[in-house]
Structure formats: structure tokens, C-alpha cells
Amino acid sequence: MVTLDNVTAAYGPRTAVGGVSFRARRGETTVLLGRSGSGKTTILRLINRMVAPRSGRIAVAGRDVSAWNPIELRRQTGYIIQHGGLFPHYTVARNVAIVPTLLRWPAAEIRSRVDDILETVGLPPSRYAHRYPRELSGGERQRVGIARALAADPPLLICDEPFAALDPVTRRELQNELCSWADTLAKTVLFVTHDIREALYLGHHVVLLHAGKVAVSCKAKNLASSDHPEARAFIETLTDAGRAQKGAS
């Protein structure tokens, strides 16, 4: 679904991504894992043409992104970000309806789709459609953000650390549900995180980035066996957490 071949990008004199190559397969969740400044978000911006590569090739659905109309490309992609990224002066229903409205769906079809997708993400429209973001909890706002990303049924979902600000219980609930929705709706997911637990839990495939380059690219289940120093550094955080939990008990 998404292919990067030897992609390099820079902000002025600073190289943000250097020679990155990986493939995100259709129907799978590919996790971009790395520290702050490792190039994760830049890669997302490259994929949706918000940043132009200095060199290399990027393709979405087998088509070079330079051949896509940028607006059309972005409408083929659902975005899930921290705090939902909702418009505060729009109701929940209007937030969810944004992309179908831009695509000029018939009004009745939009209303039906909004109701259906709110039910899917656990927000009954009779209780939530008329509310505003300020009237929702953090988890509810994130569910609205997911509903908006799914509303026009895009084949690709891009998730930029969407659950980082949530409490652990809500975070795990939404992780579970995202997995279920992605499988049920046959979505390809690119998920950015700096949390190795989240990467291993959600990902079919993990691309570990370090200083703008791919350190390791492997099936999620194989990351723990990598001997790359950056992989070991992340794996050791799991061990440290386990020790801390044992000490607390």
C-alpha cells in the first residue's frame, strides 16, 4: 500500500530522513517506532506530500505520490492524531462529516454514515452527535477523531501518536478497538509511536528509526531478537519496567 525507496528529506541544511526504505503491506499495521527527532513524523508528511523528498521514491497504492493530486491523495487517507484534532466550534456529527461533505456526498448519505460510524466507535449518535468537543472526555474526543478518519472509508489510516496523552486504561481500550476496526474494515495502518509496548502490541511489522535512518525493519514478533544497539535500548526499557513493577509489588 505504501512504499518508500531510499527516501531522503531535509529541512534547510538539516537532514531529517536519510535513505529510508520500507513497505507497508495492505491490510496490515506498520509501526514507525523511534525516539523524538528520529524522523517518524517527517515520513508521514512525506507520504501525504506535505514535505517533498530530496531524493528517492514514495508510492501509495502503487502510484508515485508526485503523480497524485495532493488533495485527492489526502482524501484517500484517514488521519488520527493526538487529542483527535477536532474543530472545537463543530458538533461531533459535523466533525465526523467533514470529509464526506468535502467529497459532496448526498446529505442523507452523510447523516447515515455519521450515525453508523459513531455507533462503530462506541459513541451512540443519540447521545453524542449534538455535543461539542469541550463536552467530551479525552477518550471520547479520540473516538470522534477515529470516527472522522474512518468516515469516508479511506483505504489508508495514518496515526501520529494518537493515544500518547491518554490514561493507560483508556489507551489500551482504544488500542484494542483500533486493531478490531482495522481488521474488520480491512484498513492499512501506519502508526507512529515512541512506546515499544504499543509498537509490539499493535504492529504486524515494526520499522525502528534512529537519527533519520532505518535501524531495524522486521516483523513485530522478531524485534526482541535484534542485536542492533537501538533495538536493544528499546527492549531494555521493557525489562526495566518489569523490574520496577516487581519492586513495587
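The lining of the largest pocket draws at least two residues from each of α2 (70-75), β6, α4 (98-102) and α7. Bear in mind that this is a predicted model, in which local features need pLDDT of at least 70 and side-chain atom pairs count only at pLDDT 80 or more, while totals for chains, interfaces and linings use all residues. Residues are numbered from 1 along each chain as its sequence is written, and side-chain values use heavy atoms, with hydrogens and water left out.

The element names come from DSSP runs numbered from the N terminus: helices are H or I of at least four residues, strands are E of at least two. A pocket is found on a 1 Å grid over the protein atoms alone, as an open set of points with protein on both sides within 12 Å along at least five of seven lines; a cavity is a set where a 1.4 Å probe fits but cannot get out, and lining residues have an atom within 4 Å of a point.

With that in hand, the largest pocket holds about 520 Å³ of space, a volume being the space filled by probe spheres set on points joined across faces, edges and corners. Its lining has 19 residues, and Arg74, Thr77, Tyr79, Ile98 and Val99 lie nearest the centre. The biggest contributor is β6, with four residues.

Six strands make up an open, mixed sheet in the order β6-β7-β8-β3-β9-β10, where two strands pair if DSSP finds at least two bridges between them. β6 (77-81) and β10 (213-219) are the edge strands; each has a single partner, so one side of each has no neighbour in the sheet. From one strand to the next, the twist averages 15 degrees.

α7, another contributor to the pocket lining, spans residues 138-150 and lies across β6 and β7 (156-160), running at about 170 degrees to β6. For such angles, axes are lines fitted to C-alpha atoms, for helices over the stretch in contact, and the values run from 0 to 180 degrees between N-to-C directions. Ile117, in helix α5 (residues 107-120), touches Val96, Ala147 and Leu150, leaving aside residues up to four places away in sequence; contact means heavy atoms within 4.5 Å. The C-alpha atoms of Ile117 and Ala147 are 5.8 Å apart, although 30 residues separate the two along the chain. Ile117 is buried, at 2% relative accessible area (buried means under 20%, exposed over 50%, partly exposed in between, with a 1.4 Å probe and protein chains only).

Now to β3. This strand (residues 29-34) pairs in the parallel sense with β8 (residues 188-193) over five bridges, and it also pairs in the parallel sense with β9 (residues 205-210) over five bridges. Towards β8, Thr29 stands opposite Val189 and Thr30 opposite Leu190; towards β9, Gly34 has Leu209 as its bridge partner. Six of the six residues of β3 are buried, so the strand is largely enclosed by the rest of the structure. Thr29, Val31 and Leu33 are on one side, with Thr30, Leu32 and Gly34 on the other, and both faces are covered.

α8 (168-184) gives the largest share of its lining, three residues.

What about Cys179? This cysteine is partly exposed, at 25% relative accessibility. The structure holds zero disulfides, that is, pairs of cysteine sulfur atoms within 2.5 Å. The sulfur nearest to that of Cys179 belongs to Cys159, 10 Å away. Cys218 is buried at 12%, and its sulfur is 17 Å from the closest cysteine sulfur, in Cys179, too far for a bond.

Finally, a look at two loops. Ala211, between β9 and β10, has a positive phi near 55 degrees and is exposed at 59%. Arg104, in the loop between α4 and α5, has a positive phi of about 65 degrees without being a glycine, and is exposed at 76%. Most residues other than glycine have a negative phi.
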